[in-house]
Amino acid sequence: MNYMRYMEERKERTKWFMEARFGMFIHWGLYAIPGRGEWVQSDEKITKKEYQKYFEEWNPTRYDPGKWARIARQAGMKYAILTTKHHEGFCLFDSAYTDYKSTNTACGRDLVKEFVDAFRAEGIRVGFYYSLLDWHHDDYPAYGDMYHPDRENEIFRGKEHHFERYLDYMHRQVRELMTNYGKVDILWLDFSYEGHFGEDWRGKELVEMVRELQPGIIINGRLEANGEHYGSVMTDKPDIYSGDFACPEMIIPPYGLKTPSGVDIPWEACFTLNNNWGYTPNDRHYKTASQIIRKLVECTSKNGNMLVNVSPTAIGEIPGWQKEILDEVGRWMHENAQSIYGCGASGLEKPEWGRYTRRGNKLYAHITEEGIGAIALPGIKGKLKKARRLADGYEMQMFTPWVAREFPDYEFINYGTPECFSFSVEEKTDTVIELTLKEE
């Protein structure tokens, strides 16, 4: 492989993605009915026969993807990724290769097609999550597997599985997703583990097929990785399975991600709004809008994206508390999105009061901590042309107050006289100051 060429192609493919910065993850499936998380079948070792009742009950009568799409757009999200099939094996699309699909339930609808149409109508790019695991398929190994619900079920001890037959099935379903729904922007595969890495999935064949059918698509790295490690995307010699971006889960890399030679690695951190991906009404450990905003800023300041998960109910609605959080995020984004879209690392030291993001000669000071007196701006001495509050264009005064003469290496800004007023953070979240730097 010509690694330099591959990385240039990867950079070009991910250009829109790294400018978008903010997306919506949607975990939705039969597991919304028991409401104990998307891993409930594995965690509680529920047999396929016992789990069948959820398939028979599935009927999301309030599913209106147009509402979902408007929530995403109003929050400032630029792309959305839906779980077309999670580990349980249930398909939200009309696959020709299984009866275990939404069109065979009481709802009788291709839920993926409706998602695609609705989100595209709102100008939001679409992505498909697809699980490489499948606890419903008879040829996916059960007994002794790390995660299968029947991993300790003696009935399956010694049972012969034809894994190649499962791989044929999986490849065919991915082909359907890449063929039947128009342009797909992201394929988010999940996930590899012991005994199932890269070529164990016939990964080279899969990637080549996906790129042939969707030339501009970007693929995550979980054909050879999972949440614990990110695979060869972290190296200067990535495998074909490495995908186009790393996907840290429930963590933000301390310093962003680069290869050993210093090449920037596209990445996206994914987060839940409570502690579960699937609908779990008893989990009330809610994150706040302020947390989401500050973490979005942190990701952007480290050249990364943030993918925030919503978990619709079994009847098809995004829970009200999740909508309220995203609505509040959207109000902040309405005034401050310029400091996120197309922005990245500033190349400057992290300031005490918050973070910098940057696009060209526009430096954005995200002030998240209450200040006393004027705000000291590190790293731009002699370079500051003007300073304006991003939300309303309000002029910030640029001068060094008499109490700061001992700190000649800093530029200072303040709301105005008297010059030692405390600097308040709007809504206790993040006040963004647009700093225009002099052209070099």
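These legends go with several views of one predicted model. Residue numbers start at 1 along each chain as its sequence is written. In this predicted model, local features need pLDDT of at least 70, side-chain atom pairs count only at pLDDT 80 or more, and totals for chains, interfaces and linings use all residues, while side-chain values use heavy atoms, with hydrogens and water left out.

**View 1. The whole chain.**
The chain holds 10 helices and 14 strands. Both are DSSP runs numbered from the N terminus: helices are H or I with at least four residues, strands are E with at least two. The radius of gyration is 24 Å, close to the 22 Å of the globule rule for 440 residues, so the chain is as compact as a globular protein of that length. That radius is taken over C-alpha atoms, and the rule is 2.2 Å times the number of residues to the power 0.38. Along the principal axes, the C-alpha atoms fill a box of roughly 80 × 50 × 40 Å. Of the 440 residues, 57% are buried. Buried means under 20% relative accessible area, exposed over 50%, and partly exposed in between (1.4 Å probe, protein chains only).

**View 2. The largest nonpolar core.**
This core has 100 residues. A nonpolar core is a set of buried Ala, Val, Leu, Ile, Met, Phe, Trp, Tyr and Cys residues joined through side-chain atoms within 4.5 Å. Met24, Phe115 and Phe119 touch the most other members. Helix α7 (residues 163-179) gives the largest share, 8 residues. In soluble globular proteins, nonpolar side chains tend to be buried together.

**View 3. Around Met24.**
Residues up to four places away in sequence are left out of this view's contacts. Contact means heavy atoms within 4.5 Å. The partners of Met24 include Trp68, Ile71 and Ala72. Among them are also Met77, Tyr79, Phe119, Leu307 and Leu326.

**View 4. Helix α5 and its cover.**
Helix α5 spans residues 65-75. Its buried residues are Pro65, Gly66, Trp68, Ala69, Ile71, Ala72 and Ala75. What covers them includes β1 (22-26), β2 (79-85), α6 (111-121) and α10 (320-336). Gly76 follows α5, and its phi is positive, near 95°.

**View 5. Glu194 in its loop.**
Glu194 sits in the loop between β4 (186-190) and α8 (203-213). With a relative accessible area of 63%, Glu194 is exposed. Glu194 and Asp145 are 49 residues apart in sequence. In space they are 9.1 Å apart, C-alpha to C-alpha.
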